[in-house]
Amino acid sequence: MSNQTSNKTTRVYLDHAATSWPKLDAVLFAMDSFTRSCGATAGRGGYKSSLSAGAIVAQTRRQIASIINAESPECISFHSGGTAALNAAIHGILRPGDHVVTSAAEHNSVLRPLNHWQQRRDADITIVPTDGGGLVDADRLISAVTDRTRLVVLTSASNVTGAVQPIDEVGKKLASHSAFFLCDAAQTFGTLPIDVRQSHIDLLAAPGHKSSGGPAGTAFLYLSPRVHHEMIALTQGGTGSQSESLEMPAMMPTMMEAGSLNVPAIAGWLEALKLITPDELARRIDRAASICSQLHQGLRSIDGLTLHSTASELPIASVTSRTYLPSDLSMILDSEYSIETRAGLHCAALIHDCIASAGSGTLRISAGHSSTDDDIEAVIAALRQIMSS
């Protein structure tokens, strides 16, 4: 079975912060093979193919638990996407009247559920701004925590600027507080190390289709043991266990997994997760930093562009232009150069007030594991030509 990617076309794909592409051949093969040769639902029967499906789910749970240093595979539940996992976390842990501290760097997958709680459930939400590059100050975030605070939410990295947030520092400072700590690892899981126990993270959510290399329709939510008895299941339904009771089972992960799991996609994700060994993660860390440096150095050299990000550990950059809207730049890159980027607010509107890009947002260039130095040079050369014309 090949672990190579499918043949790349002349298209230069630089929207990895949205989703990774191309997927490994091994991922695609596993999805196809499971669907053709097994196709059973996990946890819904005692026959061989159903048990085989369950074994794939269990192995994937173990793989994720190992990568993030979870206490047990049972701390991992599967969800249809990062948004669903974050919603399950937020709606499951909050109670009417709670106080929440979060940041302006958050994605709408966090901000919209929190807004719902503020508008309809009498929650009090404190939003801490970022600096001009999208970085949150840990001390400022912690200073907003009070005796009433039940939840602190912080993304592990901005999807707009790539700024890697001080998760470890925040978690350690919260360790003696009663508040729970939720981390959105959408941009870092699969590229940067995450240790939920070292960072004192109580809830961690991440999709599978970004830098961990899985297909769409996959995500996990980690719940620390101290959270299990605090959670209210967002969705109720069949679990394949305790069917005689109209109450949802109280144990993890069953309590968070009503309905049939997307086993074909989980089978594909497992193949990608198997590659995330300590050695491979170290290679990815070095490669991501190298691409990020190359990208920012090149963009800084182009007259007429304003950088709204700084070189960090993730290969993400955001720019604006004095003469072109971000949407125009993205359209020209696509139509004239076959370079795919994203323009706009990137589902994270609040950060743009902090990084001076409110209104039309930014042109975001985001590389991934399959990106080459030539890809980065191509977008830099194209933008230089556009800005000089």
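1. Two strands count as paired if DSSP finds at least two bridges between them. The model discussed here is predicted. Strand 12 (residues 342-344) meets that criterion with strand 13: the two are joined antiparallel by three bridges. Within this pairing, Ala343 stands opposite Leu363 of strand 13.

2. Strand 13 also pairs with strand 10 (residues 316-321). The sense is again antiparallel, here over four bridges. Ala317 has Ile365 of strand 13 as its bridge partner.

3. How many residues of strand 13 are buried? The strand spans residues 362-366, and five of its five residues are buried. Thr362, Arg364 and Ser366 point one way. Leu363 and Ile365 point the other way. Note that Arg364, a charged residue, is among the buried ones.

4. Leu203 is bridged to Leu223 in strand 8.

5. Helix 2 covers residues 48-68 and includes Ile56. Which residues does Ile56 touch, leaving aside those up to four places away in sequence? They are Phe34, Val263, Ile266, Ala267 and Leu270. Pro73 is 17 residues from Ile56 in sequence, with a C-alpha to C-alpha separation of 13 Å.

6. Last, a helix pair. The axes of helix 9 (residues 278-300) and helix 12 (residues 373-388) come within 10 Å and cross at roughly 15 degrees. Angles under 35 degrees count as roughly parallel, and helix 9 and helix 12 are therefore roughly parallel to each other. Their crossing is right-handed.

7. Which residues make this contact? Helix 9 supplies Arg287, Ile291, Gln294, Leu295, Gly298 and Leu299. Helix 12 supplies Asp373, Ile376, Glu377, Val379, Ile380, Leu383 and Arg384. By class, the contact residues are seven nonpolar, two polar and four charged.

How values were computed: Residues are numbered from 1 along each chain as its sequence is written. This is a predicted model: local features need pLDDT of at least 70, side-chain atom pairs count only at pLDDT 80 or more; totals for chains, interfaces and linings use all residues. Side-chain values use heavy atoms; hydrogens and water are left out. Buried means under 20% relative accessible area, exposed over 50%, partly exposed in between (1.4 Å probe, protein chains only). Contact means heavy atoms within 4.5 Å. Axes are lines fitted to C-alpha atoms, for helices over the stretch in contact, and angles run from 0 to 180 degrees between N-to-C directions. Angles under 35 degrees count as roughly parallel, over 145 as roughly antiparallel, 65 to 115 as roughly perpendicular and the rest as oblique. A crossing is left-handed if the near helix is turned anticlockwise from the far one by less than a right angle, and right-handed if clockwise.
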